[in-house]
Amino acid sequence: MRYSAGLKEFKKFKGFKGFIVIVLLLGICFRLVGLDSKAYWHDEVYTTLRAVGYTRAEFDQEVFQNQVLTVPDLQKYQQLKPGSSVVDTIDSLALEDPQHPPLYFILARFWLEAFGNSVLASRVLPALLSLLSLPLIYLLAMELFAAPGVALLATALLAFSPLDILFAQIARQYGLLAAVGMGSSWLLLRSLRQPGRLNWGLYALSVAAGFYTHVLFAINLFAHAAYVLILEQFEPVEPPVDKPAGPLSERTVAPPRSRRFRLLAQFAIAVAAALILYGPWLAVLLGNYQRAFAATSWTSANVPLPFMLKQWMLHFTAPFVDLHFGFDNAWTFILRVSFVLLIGLGLYWVYRSTPPWTWLFVFSSIGLPFLALALPDLILGGMRSAIARYLIPCYAGVQLAVAYFLAISLTHRRAIGQWILAFVFTSSIISISASATSNTWWHLETSYTNPAVLEVLNARPSPLVVSDRGEGDTNPGDLLALSYGLKDSVRLFGVGEPADLEALESESDLYVFRPSAPLRAALEEQGWQLQEVVWFGTLWQASRA
C-alpha cells in the first residue's frame, strides 16, 4: 500500500498551519528563554577556556600549587587572554584537544569578543545556530517525501524536541553539528536528484563544515556513503524523458547503470574535495592522535549491557519525552515504551509505503551511525553509544519517521492521529517545562550536583574549598564551572603534587571537593575527618578528629 502520494494534500487540514506556527514560535522561545537558568557545566567551561586562548596546562600551573586562590583567580581563565588572538584558540585545541575541530570555537571567540563571556552570552550563540536546523529538516523532509504536511510535522517535532532544545542551550557545538548533518543530507539527496557542479560543490562544502564542527561527523559521512552504494542494488529504470526527475520520494528505482556510475564518481570526488579542505586539521589530529585518544579514553570504560539498553531507550525517545524519576526507577522507562512503539510504527510505515530511495535513507541515517558506535561497544567494550550527544546523527531520521507516521495517521485515521499528535506534543511540552524550571539536568553529567555545592558553600561566610585534580582529572573543569556561581568570599586551595597541606592547619571552615583517594588519605593522616554533605561524594565537610 502506498500512502505517500496522498500526503501532499495533508497540510490543508483546518487549523494545521496555525498549529504549526504556534509550535514553531514556542520552540524558538524555549531555545532562547532561560539560557542562564542552568549551571554552566564542565564541558562548557572548556569551550570558553579554548575560545579565550588559554590552555589547561596554564590553568593547572597556577591553580594546583598548594596555595589559596580566590574566585576571580579562577574566572581569569574564562576571560579573553591578554594579547591573544584566534590563533591562540586554534593552538589551544591543536595542543590539548585535537579531537575537537576549531570551527565552533572560532565562532565562540568572535562572539565572546563582541558580547562578553557571561553564561547568557555564551549560550545565545549555540541557541541561534540550532535554529538553522528548522528550515534544514523541512528541506530534507521535502526531498524525501515531497509532502509539505510531513515536512511541517518534522519541523514541528524538531522545534518541540526536549533533547534538541537541551543541546541548543549548551555552549558547545552540538546544535551546529545537528544542523550541518541535516544540511549535508539534504544536499546529498539534492545532488543525487539533480547532479551538477553546484550541488556537488555545496555538498562537499557541507561535509568539510561537518568535519570542522565535530569529528563525529565521520559517521554521518559513513551513512551517506553506504546509502549511495546500496542504491546500486536496485533495477535500473530511467524516468520518462519528457518528465524531469522529481523528488526522491517519486522515484521507485535507481537511474541507469551508466548514470549510477557517474553519481558514484561525483560523490567520491565531492568527498575527496571535502577531505582536502579538512586536510589541515586532519594533519593536526593524526599528529597528536595520542592526546586525542587519551582525552576520549573514558568512553572505553566497560559497562553492563542492561545499562547500555537503558541508555539507548532513554536517548532515542528523548526527542519526544525527557522526564526522569531516577535511573533505577521503572516508571522512567515505562513512560517511554509508548514512544518506542511510536518510533517502530514510524519506521514500519516508512518502509511499507515509501520507495527504496526514501526508506533506505531514513533507515541508514539511523541504523548505520548507531551501529558504528554500538558494535565496537559490544565487541571491544565501551560506552560510546550510551552517550546522548554521540547519537546526534541518528535523531533526525527518528523524527522524520515519526513525522511520516503522524501524517499517515492524520490523513487516514484522523481522530486517532489527532490523539497521537496531542499525546506527543503534550509529552514534549511537559518535558521542556520540567527542564526549563530546573537548575540542573541529566546532561550536566559530572556537574549535575554543582547547584547543590553552590548552595552549601555560598551559605558559609568564608569557607576554604580543598581540591586536587580528582579521579579521572575532572575536577579542574568543575571548579571553573563552580566559579560562575560562587561568592567572592569563597576561597580555593588547589592541591599540588606532592601535596602540602600545612596551610590548612589554621582553617576552621573547611570543605573538600570530590577528593581523589590519595588526597583523602593525606587529609585523614593529618587528623581530618570527612563527612559527606552533597551526594555522590561531591562535597565533604572536614573537621578535626
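This is a predicted model: local features need pLDDT of at least 70, side-chain atom pairs count only at pLDDT 80 or more; totals for chains, interfaces and linings use all residues.
The buried residues of α8 are Ser 133, Leu 134, Leu 136, Ile 137, Leu 140, Ala 141, Glu 143, Leu 144 and Phe 145. An α-helix has 3.6 residues a turn, so residues three or four places apart point the same way.

The elements that cover the buried residues of α8 include α1 (16–32), α7 (119–130) and α9 (148–159), together with α11 (174–193), α18 (356–380) and α19 (392–412). Just after α8, the backbone at Ala 146 takes a positive phi of about 50°.

## Nonpolar cores

The largest nonpolar core has 150 residues, and those with the most contacts inside it are Phe 145, Leu 192, Tyr 203 and Tyr 227. To this core α19 gives the most, with 15 residues.

## Packing of α13 against α18

Helix α13 (residues 217–230) packs with α18 at an angle of about 140°, and the two axes are 9 Å apart. Angles over 145 degrees would count as roughly antiparallel, and α13 and α18 are therefore oblique to each other. Their crossing is right-handed.

On the α13 side, the contact is made by Ile 219, Phe 222, Ala 223, His 224, Ala 226, Tyr 227 and Ile 230. The residues that α18 brings to this contact are Trp 357, Leu 360, Phe 361, Ser 364, Ser 365, Leu 368, Pro 369, Ala 372 and Leu 373.

Thr 213 lies in helix α12 (residues 197–213) and is buried, with a relative accessible area of 0%. Although Thr 213 and Leu 103 are 110 residues apart in sequence, their C-alpha atoms are 5.5 Å apart in space. Leaving aside neighbours within four places in sequence, Thr 213 is in contact with Pro 101, Leu 103, Gln 173, Leu 176, Leu 177 and Val 180.

Ser 409 lies in helix α19 and, at 7% relative accessibility, counts as buried, the cut-off being under 20%. With neighbours within four places in sequence again left aside, Ser 409 is in contact with Arg 414, Gly 417 and Ile 420.

## Backbone features in the loops

Most residues other than glycine have a negative phi, and most peptide bonds are trans. Glu 445, in the loop between α20 (414–436) and α21 (450–458), has a positive phi near 50°, and with a relative accessible area of 36% this residue is partly exposed. Asp 473, in the loop between β2 (464–467) and α22 (475–483), has a positive phi near 60° and is partly exposed, with a relative accessible area of 35%.

A cis peptide bond, with omega about 0°, joins Glu 497 and Pro 498. Pro 498 is placed in the loop between β3 (491–494) and β4 (510–513).

How values were computed. Residues are numbered from 1 along each chain as its sequence is written. Side-chain values use heavy atoms; hydrogens and water are left out. Buried means under 20% relative accessible area, exposed over 50%, partly exposed in between (1.4 Å probe, protein chains only). Helices (H or I, at least four residues) and strands (E, at least two) are DSSP runs, numbered from the N terminus. Contact means heavy atoms within 4.5 Å. A nonpolar core is a set of buried Ala, Val, Leu, Ile, Met, Phe, Trp, Tyr and Cys residues joined through side-chain atoms within 4.5 Å. Axes are lines fitted to C-alpha atoms, for helices over the stretch in contact, and angles run from 0 to 180 degrees between N-to-C directions. Angles under 35 degrees count as roughly parallel, over 145 as roughly antiparallel, 65 to 115 as roughly perpendicular and the rest as oblique. A crossing is left-handed if the near helix is turned anticlockwise from the far one by less than a right angle, and right-handed if clockwise.
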